[in-house]
Amino acid sequence: MRCLTDQIMADNIKLKSSIVRIKGVNFLADLPAKASCANMSQFNGYHGCSICDIRGYFSKRNHKMTSPLHQQNQSSLRTPVVHDFLASEGSSQKPIIGVKGTSHLQKVLQMPIDIPLDTMHLVYLGMTKRLFLHLMQKRLIDIEHTSYILTSIKVPISIRRKPRGFDFVQHWKAMEWKYFLLYYSVICLHDTTEIQEEILLMVILFSTAIYLLSSANVSEAEISSAKRLLLLFQQMVSRYLGKELMVYNTHALIHLPDQVKLFGPLWVTSVSMFESAFGIFKSFVKGSRNEATQMIARFIKIFTRWIIRE
């Protein structure tokens with residue numbers, strides 16, 4: 001990380017006879033990698049949120065770190081000035097509000113503004129998966145009937161993955177959870193006569209908010225509406241499903257509207273596009289040393305050939 005940030009500060013990376021000019025825009029990673037690279041507490045720590053200074057509450061009953069709504073209302077957003085000060089004073093032995101010291105990322109980025117939340121892990125593999133698995137476990141939805149409706153849906157050819165039933169739910173990919181939340185969930189649950197109105201409304205609030213924030217041309221009014229919907233969703237989760245579900249993923253949803261204002265729709269800050277390319281980049285590595293340099297060199301070589309051919 002130090003070597004990479006130093007090269008970014010120099011505004012270029014030299015690879016043999018080629019010079020690649022790069023500029024740091026933002027840093028995107030899943031929560032464990034993000035906390036490690038930013039030198040901050042993990043998401044399950046007392047100050048695990050990188051966006052605000054909320055203090056978590058450890059539930060001895062469920063052995064989980066939770067983020068109660070009253071704590072969220074009393075929290076304030078982190079700013080680059082405050083973060084830099086905390087980084088200069090904090091250490092790994094004595095972190096200050098979750099900041100363990102300086103990070104190499106501070107050389108090229110404004111922290112914490114330029115390290116957005118990864119929506120793939122937070123929204124789809126995080127909150128969506130946790131919510132519906134909880135509903136199934138508590139038998140708050142008719143699993144068999146909902147699964148039957150789901151597998152009966154005929155999807156357009158633009159959707160690559162056909163819906164799989166709840167028998168395979170533990171093996172669902174992020175894209176399957178995304179499609180289920182945005183397109184299938186309300187239809188499937190609305191057709192279930194035994195579902196509670198509060199549960200259906202909860203899903204509608206969450207699905208609508210994420211759909212609005214995922215629009216290609218999201219407006220200020222839609223962002224404001226999404227923020228209100230997510231706050232109502234959090235309140236309903238706390239009231240009807242219990243505080244045990246008020247974990248980091250539930251709390252961090254409230255920061256997504258402001259993130260969309262800075263970076264654009266949710267799919268812009270998703271690592272899904274990178275994870276799908278990991279297999280290709282792994283094939284670029286032929287030796288056991290300097291893997292990153294090998295991948296970059298091989299990519300530039302292929303890209304240069306493509307440019308010349310065009």
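Is Asp 258 buried, exposed or partly exposed, and at what relative accessibility? Asp 258 counts as partly exposed, at 26% relative accessibility. Here, buried means under 20% relative accessible area, exposed means over 50%, and partly exposed lies in between, with a 1.4 Å probe and protein chains only.

Some conventions come before the details. This is a predicted model, in which local features need pLDDT of at least 70 and side-chain atom pairs count only at pLDDT 80 or more, while totals for chains, interfaces and linings use all residues. Residues are numbered from 1 along each chain as its sequence is written, and side-chain values use heavy atoms, with hydrogens and water left out. Helices (H or I, at least four residues) and strands (E, at least two) are DSSP runs, numbered from the N terminus.

I begin with the salt bridges. The term denotes a side-chain nitrogen of Lys or Arg within 4 Å of a carboxyl oxygen of Asp or Glu. A search of the whole structure finds 3 of them. In one, Asp 258 pairs with Lys 227, and the closest N and O atoms are 3.4 Å apart. This pair links distant parts of the chain, since Asp 258 belongs to helix H11 and Lys 227 to helix H9, 31 residues apart. Lys 227 is partly exposed, at 33% relative accessibility.

Another salt bridge joins the side chains of Arg 164 and Glu 176, at 2.9 Å from N to O. Arg 164 lies in the loop between H6 and H7 and Glu 176 in helix H7, so the pair ties together parts that are 12 residues apart in sequence. Arg 164 is partly exposed at 28%, whereas Glu 176 is buried at 8%. Arg 139 and Glu 144 also meet through their side chains in a salt bridge, at 3.8 Å from N to O, and both of these residues are exposed.

Next, the nonpolar cores. A nonpolar core is a set of buried Ala, Val, Leu, Ile, Met, Phe, Trp, Tyr and Cys residues joined through side-chain atoms within 4.5 Å. The largest has 58 residues, of which Leu 131, Phe 132 and Phe 206 touch the most other members. Among the elements that give two or more residues to this core are helix H5 (119–137), helix H7 (174–190) and helix H9 (220–241). H8 gives the most, with 10 residues. Contact means heavy atoms within 4.5 Å. Leaving out residues up to four places away in sequence, Phe 206 touches several residues, including Val 123, Leu 131, Leu 181 and Phe 233. A second, separate core of 11 residues includes Phe 27, Leu 86, Val 99 and Met 111.

I turn now to helix H2. Its buried residues include Lys 34, Ala 35 and Ala 38. Seen down the axis of H2, the buried residues fall within an arc of 95° (taken from the directions from the helix axis to the C-beta atoms), so they line one face of the helix. At the N-terminal end, Asp 30 caps H2, with a side-chain oxygen 3.2 Å from the backbone nitrogen of Ala 33. Asn 39, which follows H2, has a positive phi, near 60°.

Finally, Ser 50 sits in the loop between helix H2 (31–38) and strand S3 (57–59). Ser 50 is buried, with a relative accessible area of 7%. Beyond its neighbours within four places in sequence, Ser 50 is in contact with Lys 34, Met 40, Arg 78 and Pro 112.

Key. Polar contact = N/O pair within 3.5 Å; in protein donor to acceptor, adjacent residues only side chain to side chain.
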